[in-house]
Amino acid sequence: MEISTDPHRLDIGLIHHYLSEQSYWARAIPRTTLEKALRHSLCFGLYEDGHQLAFCRVITDYATYGYLSDVFVLPEAQGRGLGKALVAAVMAHPDLQGLRRFALATSDAHQLYARHGFVAPAKPESLMERYDPDIYLRSL
């Protein structure tokens, strides 16, 4: 197993297929939208025997804030601790140390992130968002 942040190693087709067809958070994301997002993120790929098995990205200014996004392990590779290894690599990355706030959103993986210090917001009343979960579906 190898984890890399080299953007040239990313299997964009695999990432797009998973996010657009299998994820609950990015269903129908256009490939051009994904490609733009990848260009402006610190991306992590997890590889075994040259094949990408997992992915995530961090949207960050590298100084004060990071947002962990699009974390997935292919279904056939789940249950082997790859997600844990991938998130551990993100949290250990030298460019992501000392961030004042590191955030994420999840519907089903709270335990995975809790082991890395993620908790519910201390002051949820101070957080606001604009959220449009069907934006990609409307563009079809």
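Here is a quick tour of the sheet, the helices packed on it and the nonpolar core.

This is a predicted model, so local features need pLDDT of at least 70 and side-chain atom pairs count only at pLDDT 80 or more, while totals for chains, interfaces and linings use all residues. Residues are numbered from 1 along each chain as its sequence is written, and side-chain values use heavy atoms, with hydrogens and water left out.

Five strands make an open sheet in the order 1-2-3-4-5, with mixed pairing. Strand 1 (2-4) and strand 5 (101-104) are the edges, each pairing on one side only. On average, neighbouring strands are turned by 20° against each other, direction ignored. Strands (E, at least two residues) and helices (H or I, at least four) are DSSP runs numbered from the N terminus, and two strands pair if DSSP finds at least two bridges between them. Strand 2 (residues 42-48) and strand 3 (residues 51-60) run antiparallel and are joined by seven bridges. Glu 48 stands opposite His 51 of strand 3.

**Helices on the sheet**

Axes are lines fitted to C-alpha atoms, for helices over the stretch in contact, and angles run from 0 to 180 degrees between N-to-C directions.

| Helix | Lies across | Angle |
|---|---|---|
| Helix 1 (residues 12-22) | strand 3 and strand 4 (65-73) | about 90° to strand 4 |
| Helix 3 (residues 82-92) | strand 1, strand 2, strand 3, strand 4 and strand 5 | about 35° to strand 3 |

In helix 3, Leu 82, Gly 83, Leu 86, Val 87 and Val 90 are buried, that is, under 20% relative accessible area with a 1.4 Å probe, protein chains only. They sit on the same side of helix 3, because their arc around the axis is only 130°, taken from the directions from the axis to the C-beta atoms.

**The core**

The largest nonpolar core has 35 residues, and Leu 19, Phe 44, Leu 68, Val 90, Leu 96, Phe 102 and Tyr 113 touch the most other members. Such a core is a set of buried Ala, Val, Leu, Ile, Met, Phe, Trp, Tyr and Cys residues joined through side-chain atoms within 4.5 Å. Contacts of Phe 102 beyond four places in sequence include Leu 68, Val 90 and Leu 96.

**A buried arginine**

Arg 57 lies in strand 3 and counts as buried because its relative accessibility is 11%. Its side chain makes a polar contact with the side chain of Ser 41 (2.7 Å).

Notes:
Contact means heavy atoms within 4.5 Å. Buried means under 20% relative accessible area, exposed over 50%, partly exposed in between (1.4 Å probe, protein chains only). A polar contact is a pair of N or O atoms within 3.5 Å; within protein, one must be able to donate a hydrogen and the other to accept it, and residues adjacent in sequence count only if both atoms are side-chain atoms.
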